[in-house]
Amino acid sequence: MSTSKKRLLYIAPDHYSFYKTILEGFEKFSDYEVQFAFSNRAEGFKYKNFGQRVYNFFLKLLTGKNIKKIYEKEYFERKINEYEKYDIAYINRPDILTEKQLEEITNKCNKSIVYYWDSFEKIEGQFETMKYFDKVYSFDKYDCKKYGMIKGYNFFYNSDNSKEPEYDVFFLGTYDDRYNNLINILERISSQNLHAHATLFSYDKGLSKTVNHKNISFIHKIVPFNEAFIYNQNTTIILDIQHATQVGLSFRPYEALGLKKKLITTNPYIKEYDFYNPNNIFIWDENTESIPESFLQTPYEDIPEDIYNKYKLENWVKTILS
């Protein structure tokens, strides 16, 4: 007797198109039929014309109602109610959803899973959502210890290292409070006759005129998460600079792992990970003056295959859904 395929409800915001990589992983590496819904926007919404946009402006001003928000709510309800029951719900950024929505979602699912990609200190409102989930992951080890969550890890999704690098050291990120530290590191690296460069994202198109540095270029369109690896294919060494309160690892160390490229990072916690190898990973601290020649001159050293495979997207999917 045939049985229907298991169903997975995946809900996430559209931030940097990050959802696309996980959605592809669920569809490719799990045996679930995946139902996806945005938590912060609606697919297909467009104002019919300029008149409707003006009408919506005055509607919000006079009544507090919003055509776009109404459409988004109807879209979300339609997507999650397409099926009566789901075997698993997996949610990113549950703080975006209301308590009523979280209750509705988890009541429709046999098992609910959440992964907090940012610390509770960084994003308010996350702690209050924990109670809705059966399985709770976090990338922050201190949050895990304090709140009893499972320590999660990130993944890599591309291993094509065939491109001839243009840069010796490269950083891709946003223009934020890491800028001065970034400049200091780039200048010290450049003094070693290395081609160091950073590409920074900012919505401010005038920034490149007021903040001008020979090792920095600006872009004003967000690089989708699933395309960021293209930039890192173009460098010999990937540079990673942690945020002030960051404890867990960003995706850059995992991208370096997947591409089998060396990494320079300001995050000392990387020593706690099983793929840490001082031949491949140099930790830059406040006392660093330059990169050791021994690090620059030695080739990348392959890590054990079982550890390498552990951090593939395929294994991440199977671990999360187990």
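Student: What volume does the largest pocket have?
Tutor: The largest pocket comes to about 1200 Å³. Keep in mind that this is a predicted model.

Student: OK, and which residues are closest to its centre?
Tutor: Tyr16, Asp118, Lys122, Phe225 and Phe251 are the closest to the centre, out of 41 residues that line the largest pocket.

Student: How does that lining divide into nonpolar, polar and charged?
Tutor: For the largest pocket you get 21 nonpolar, 12 polar and 8 charged residues.

Student: Which helices and strands supply at least two residues of the lining?
Tutor: Four elements do that for the largest pocket: helix H1 (18-29), strand S4 (109-116), strand S7 (167-174) and helix H9. The largest share comes from S7, with 3 residues.

Student: What about the second largest pocket, how much space lies in it?
Tutor: About 330 Å³. It has 15 lining residues, and Ser39, Glu72, Lys73, Phe76 and Gln101 lie nearest its centre.

Student: And which elements give two or more residues there?
Tutor: Helix H3 (67-80) and helix H4 (99-107) are the ones for the second largest pocket. H3 gives the most, with 5 residues.

Student: Switching to closed spaces now. How many cavities of 30 Å³ or more does the structure hold?
Tutor: There are 3 of them. The largest cavity holds about 80 Å³ of space.

Student: Which residues line that largest cavity?
Tutor: Pro253, Ala256 and Leu257 are among them, along with Lys261, Leu263, Phe275, Asn280, Ile281, Tyr300 and Ile303. By class, the lining of the largest cavity has 8 nonpolar residues, 1 polar and 1 charged.

Student: Which element gives the largest share?
Tutor: Helix H9 (residues 252-259) does, with 3 residues of the largest cavity's lining.

Student: New topic: salt bridges. How many does the count come to?
Tutor: The count is 11 salt bridges. As background, side chains of opposite charge can pair when their charged atoms come close.

Student: Which residue does Arg7 meet in a salt bridge?
Tutor: Glu33, with 3.8 Å from N to O. Arg7 sits in strand S1 (residues 7-12) and Glu33 in strand S2 (residues 33-38), so this pair ties together parts that are 26 residues apart in sequence.

Student: Are those two buried, exposed or something in between, and what are the values?
Tutor: Both come out partly exposed: Arg7 has a relative accessible area of 24%, and Glu33 has 30%.

Student: Which residue does Asp240 form a salt bridge with?
Tutor: Asp240 pairs with Arg252, and their closest N and O atoms are 3.3 Å apart. This pair links distant parts of the chain, with Asp240 in strand S10 (residues 235-240) and Arg252 in helix H9, 12 residues apart.

Student: Buried or exposed, those two?
Tutor: Asp240 and Arg252 are both buried.

Student: And what is Arg178 paired with?
Tutor: Arg178 has a salt bridge with Asp176, where the closest N and O atoms are 2.9 Å apart. Arg178 counts as buried at 8% relative accessibility, while Asp176 is partly exposed at 22%.

Student: How many bridges do S1 and S2 pair over?
Tutor: S1 and S2 pair over 6 bridges, in the parallel sense. Within this part of the sheet, Leu9 stands opposite Gln35 in S2.

Student: Last one: where is Thr199 found?
Tutor: Thr199 is in strand S8 (residues 196-201), and at 6% relative accessibility Thr199 counts as buried.

Student: Which residues is Thr199 in contact with, leaving aside neighbours within four places in sequence?
Tutor: Thr199 is in contact with Phe170, Phe171, Leu172, Gly173, Ser217, Ile219 and Tyr231.

Methods
Residues are numbered from 1 along each chain as its sequence is written. This is a predicted model: local features need pLDDT of at least 70, side-chain atom pairs count only at pLDDT 80 or more; totals for chains, interfaces and linings use all residues. Side-chain values use heavy atoms; hydrogens and water are left out. On a 1 Å grid over the protein atoms alone, a cavity is a set of points where a 1.4 Å probe fits but cannot get out, and a pocket is an open set with protein on both sides within 12 Å along at least five of seven lines; lining residues have an atom within 4 Å of a point. Grid points are joined across faces, edges and corners, and a volume is the space filled by probe spheres set on the points. Ala, Val, Leu, Ile, Met, Phe, Trp, Tyr, Cys and Pro count as nonpolar, Asp, Glu, Lys and Arg as charged, and the others, Gly among them, as polar. A salt bridge is a side-chain nitrogen of Lys or Arg within 4 Å of a carboxyl oxygen of Asp or Glu. Buried means under 20% relative accessible area, exposed over 50%, partly exposed in between (1.4 Å probe, protein chains only). Two strands pair if DSSP finds at least two bridges between them. Contact means heavy atoms within 4.5 Å.
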